[in-house]
Amino acid sequence: MIHRESGVFKTSYIADMAVFPLPIAQWTVAALTVMFVVVVPAAFSEYHLSIVNLIMIAVVGALGLNILVGCTGQISVGNGALMSVGAYTAANLITRLNAPFWIALPAGGAMAAAIGAALGGPSVRIRGLYLAIATLAGQYIIEWVINHVPWISGGVQASIAVPRPSLFGMPLKSQVQLYFFLLFFTVLAIAATINTTIPR
């Protein structure tokens, strides 16, 4: 946070547990909400919104990495591989098994969590450089399996064409629609990270 409380005392448990206790924080959140909900989709072109959409996906991954590296001080370099596990799981469920998007999305997260737990189990007693080497090994193993098992990725040079997700029966075709879709999950991830990592 860019500010700290000085001489402000809490008089209730609700005030003590508030995520944004000071007016300056509340006004900042309100201004950011207006900027991202109104200004950005209105002022940006489709191309620039596509860049913002990719950034929001990266933000969700960076928040997960921040919990490990920023809060525990441990080094991990295998975060991207676990994101690819979730992505390929969801893509294959949709294209091969015709699974609905709302089932494939959490299933991809569950698979990434399961693989992460499988890699993290043997690494639970190591730290520092040794943990970095272990996660690097996991990164290379996952990357090799994805590239060399055609059933997963189709091969090194292949790509998977996933149909656009639908929200209440309406396919999200434009970058503006995808922007608001991704913005919801980005805000959800930020809120979960704040409530998990910031002591109050």
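**Close-up views of helix packing and a pocket**

**View 1. Helices H3 and H8 side by side.** The axes of H3 and H8 cross at roughly 15 degrees and come within 9 Å. (Axes are lines fitted to C-alpha atoms, for helices over the stretch in contact; angles run from 0 to 180 degrees between N-to-C directions.) H3 is therefore roughly parallel to H8, a label for angles under 35 degrees. Their crossing is left-handed: the near helix is turned anticlockwise from the far one by less than a right angle. This is a predicted model, where local features need pLDDT of at least 70 and side-chain atom pairs count only at pLDDT 80 or more, while totals for chains, interfaces and linings use all residues. Residues are numbered from 1 along each chain as its sequence is written, and side-chain values use heavy atoms, with hydrogens and water left out.

**View 2. Residues between H3 and H8.** Which residues of H3 meet H8? Among them are Glu-46, Asn-53, Ile-57, Leu-63 and Cys-71. On the H8 side, the list includes Gln-175, Tyr-179, Leu-182, Phe-185 and Thr-197. Contact here means heavy atoms within 4.5 Å. By class, this contact has 17 nonpolar, six polar and one charged residues. (Ala, Val, Leu, Ile, Met, Phe, Trp, Tyr, Cys and Pro count as nonpolar; Asp, Glu, Lys and Arg as charged; the others, Gly among them, as polar.)

**View 3. Helices H4 and H5.** H4 packs on H5 at an angle of about 145 degrees, and their axes lie 8 Å apart. H4 residues in the contact include Leu-82, Gly-86 and Ile-94. Their H5 partners include Phe-101, Gly-108 and Leu-119. How many charged residues does this contact have? It has no charged residues, with 12 nonpolar and four polar.

**View 4. The largest pocket.** This pocket holds about 1,500 Å³ of space. (On a 1 Å grid over the protein atoms alone, a pocket is an open set of points where a 1.4 Å probe fits, with protein on both sides within 12 Å along at least five of seven lines; lining residues have an atom within 4 Å of a point.) The lining has 40 residues, and the closest to the centre are Ile-57, Met-83, Ala-87, Leu-105 and Leu-182. Helices H3 (46-72), H4 (79-97), H5 (101-120) and H8 (175-197) each give two or more residues to the lining. By class, the lining has 28 nonpolar, 11 polar and one charged residues.

Notes: Points joined across faces, edges and corners; volume = space filled by probe spheres on them. Helix = DSSP H or I, 4+ residues; strand = E, 2+ residues; numbered from the N terminus. Parallel < 35°, antiparallel > 145°, perpendicular 65-115°, else oblique.
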